[in-house]
Amino acid sequence: MKKVYFIGIGGIGMSALARWFKFQGYAVAGYDKTPSDLTRELEAEGIPVHYEDRPDLIPTDIEDTLVVYTPAIPDDLGEMKAVCAGGYNVVKRSQILGEITAGQKCLAVAGTHGKTTTSTLVAHILTASGEGCSAFLGGVSRNYGTNMLMSRNPVAVAEADEFDRSFLRLHPAIAAITAMDADHLDIYGDLEHVQEAYRQFASQVSEALIHKIGLPLGPDVTAAKMYSYSLDDPRADFHAANLRLGPDGHYTFDLVHPWGEIKDIRTGTLGKLNVENSVAAAAICLCHGTAPDAIRSAIGTYLGAHRRLEEYVNTPSLTFLDDYAHHPAELEASIRTVRDIFPGRKLTAIFQPHLYTRTRDFAPEFARALSLCDEVVLLDIYPAREEPIPGVTSEIIFNEVTSPEKTLLKYNELLSWVDSHDVNVLVTFGAGNIDRLVEPIADILRKRV
């Protein structure tokens with residue numbers, strides 16, 4: 001095999017794999033539906049990408065070409081039909097990630113929220129310590145400007161994605177599970193099946209399983225050594241103590257762990273939520289054997305993952321953050337974090353719901369989370385891979401929001417709304433194309449500072 005062709009190359013996980021194969025010396029190319037920052041970066045790195053359904057652009061040497069696809073690609077795409085009918089070796093993204101990490105010591109992070117920040121921090125700790133790792137991340141690291149870190153050291157850090165049961169392809173040496181909430185019910189059907197998949201994932205861990213305290217994981221779920229972690233619950237094996245909040249929203253804490261304590265760790269990212277993520281990442285690295293001083297130092301220099309409470313404007317009178325939250329539990333956690341950091345200030349949330357099924361399944365929970373804000377702006381649903389569902393619109397969330405001020409807007413109306421409104425703390429939320437409006441919003445608000 002000399003060539004790897006990606007169908008859906010612009011996805012966050014797919015682009016990381018494309019970069020890995022390019023690093024290994026393969027000829028890499030691919031298709032995606034629309035151009036994005038990620039696809040433009042791939043092109044700049046020498047990976048050809050096209051944006052039309054063009055089966056004639058697929059490499060013709062079938063024996064020498066591996067085709068990798070993402071489950072988000074529709075079955076009726078011409079290129080998918082062509083490779084399936086043409087005798088190519090066609091595999092899912094998750095299968096390839098499993099095969100790559102099987103030959104290395106795999107450190108993985110799973111969970112319905114928190115996994116991107118935590119896995120990116122683990123990769124940063126190992127890189128900053130000098131050990132190095134390959135990392136397949138579900139977000140773009142702000143420290144390195146990429147979702148893929150490459151190293152000849154045979155240690156791989158992977159975000160373990162529960163969508164389509166992808167994470168069951170992984171067999172980590174050390175893993176963390178951050179949360180086991182209901183999500184992707186179009187795949188799983190109900191919470192019981194979600195949790196069953198997480199328990200299956202846990203059973204595939206060989207050395208150490210670190211889990212958020214209170215998750216429904218019995219002691220017999222894995223042969224690996226089990227440890228619990230928490231923000232500050234002293235019953236957990238790993239937890240923060242002596243939490244101190246700085247005026248800029250960054251915390252300093254002491255990490256209590258089974259073998260001692262790491263004093264005075266300052267988080268490089270905002271809020272208690274990132275203290276908890278730092279505890280989980282530190283637990284993985286301590287179990288792996290990373291030196292405590294290296295962990296302390298790296299947490300302090302960690303800038304976070306792109307779109308995870310990312311700071312664009314942060315002054316006493318005007319703050320603008322952007323966050324990827326698209327599940328009600330992570331949306332509530334992020335909103336509570338912002339409330340905690342900026343008490344007494346008016347909080348305005350702009351939310352773009354992601355997927356019709358998720359909106360249908362969790363509309364009341366989304367409304368409750370958003371109602372923690374002083375003002376809410378709701379955009380239309382971003383459909384991603386889905387067709388519309390009759391009766392499912394942003395209005396079913398909007399009608400249940402109890403905030404004093406709320407507004408329903410079209411996507412293309414948002415910039416003029418921001419331009420004409422006073423805001424104090426503004427946060428954009430969502431996993432759709434709202435990210436394309438973040439810089440324009442920041443440009444509007446920077447002129448007010």
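**Questions on the model**

Me: In which loop is Glu 400 found?
Reply: Helices (H or I, at least four residues) and strands (E, at least two) are DSSP runs, numbered from the N terminus. By that numbering, Glu 400 sits in the loop between H12 and strand S20 (405-408).

Me: What kind of model is this?
Reply: Residues are numbered from 1 along each chain as its sequence is written, and side-chain values use heavy atoms, with hydrogens and water left out. Local features need pLDDT of at least 70, side-chain atom pairs count only at pLDDT 80 or more, and totals for chains, interfaces and linings use all residues, since this is a predicted model.

Me: Is Glu 400 buried or exposed, or in between?
Reply: Buried means under 20% relative accessible area, exposed over 50%, and partly exposed in between (1.4 Å probe, protein chains only). Glu 400 has 42% relative accessibility, so Glu 400 counts as partly exposed.

Me: Which residues does Glu 400 contact, leaving aside neighbours within four places in sequence?
Reply: Contact means heavy atoms within 4.5 Å. With those neighbours set aside, Glu 400 touches Pro 364, Ala 367 and Ser 371.

Me: Where does H11 bend, and by how much?
Reply: The bend at a residue is the angle between axes fitted to the seven residues ending there and the seven starting there. A proline, Pro 364, follows the bend within four residues. The bend is at Phe 362 and comes to about 75 degrees.

Me: What covers the buried residues of H11?
Reply: Those buried residues include Tyr 356, Phe 362, Phe 366 and Leu 370. Among the elements that cover the buried residues are H6, helix H10 (328-341), strand S18 (347-351), strand S19 (375-378) and helix H12 (395-398).

Me: Which element gives the largest share of the lining of the largest cavity?
Reply: Lining residues have an atom within 4 Å of a point. The largest cavity holds about 50 Å³. Helix H4 (93-102) and strand S9 (155-160) each give two or more residues to its lining. The largest share, three residues, comes from H4.

Me: How do the residues of that lining divide into nonpolar, polar and charged?
Reply: Ala, Val, Leu, Ile, Met, Phe, Trp, Tyr, Cys and Pro count as nonpolar, Asp, Glu, Lys and Arg as charged, and the others, Gly among them, as polar. The lining includes Arg 93, Leu 97, Asp 161 and Ser 166. The division is four nonpolar, two polar and three charged.

Me: Which element gives the largest share of the lining of the second largest cavity?
Reply: This cavity has about 30 Å³ of space. Helix H6 (185-188) and helix H11 (356-370) each supply two or more residues to the lining. Three residues, the largest share, come from H11.

Me: What is the phi of Arg 307?
Reply: Most residues other than glycine have a negative phi. Arg 307 is not a glycine, yet its phi is positive. Arg 307 lies in the loop between helix H9 (292-301) and strand S16 (310-314). Its phi is about 75 degrees.

Me: What is the relative accessibility of Leu 309?
Reply: Leu 309 is in the loop between H9 and S16, with a positive phi of about 45 degrees. Leu 309 counts as buried, because its relative accessibility is 6%.

Technical notes: 1 Å grid on protein atoms, 1.4 Å probe; cavity = no way out; pocket = protein on both sides within 12 Å on 5 of 7 lines; lining within 4 Å. Points joined across faces, edges and corners; volume = space filled by probe spheres on them.
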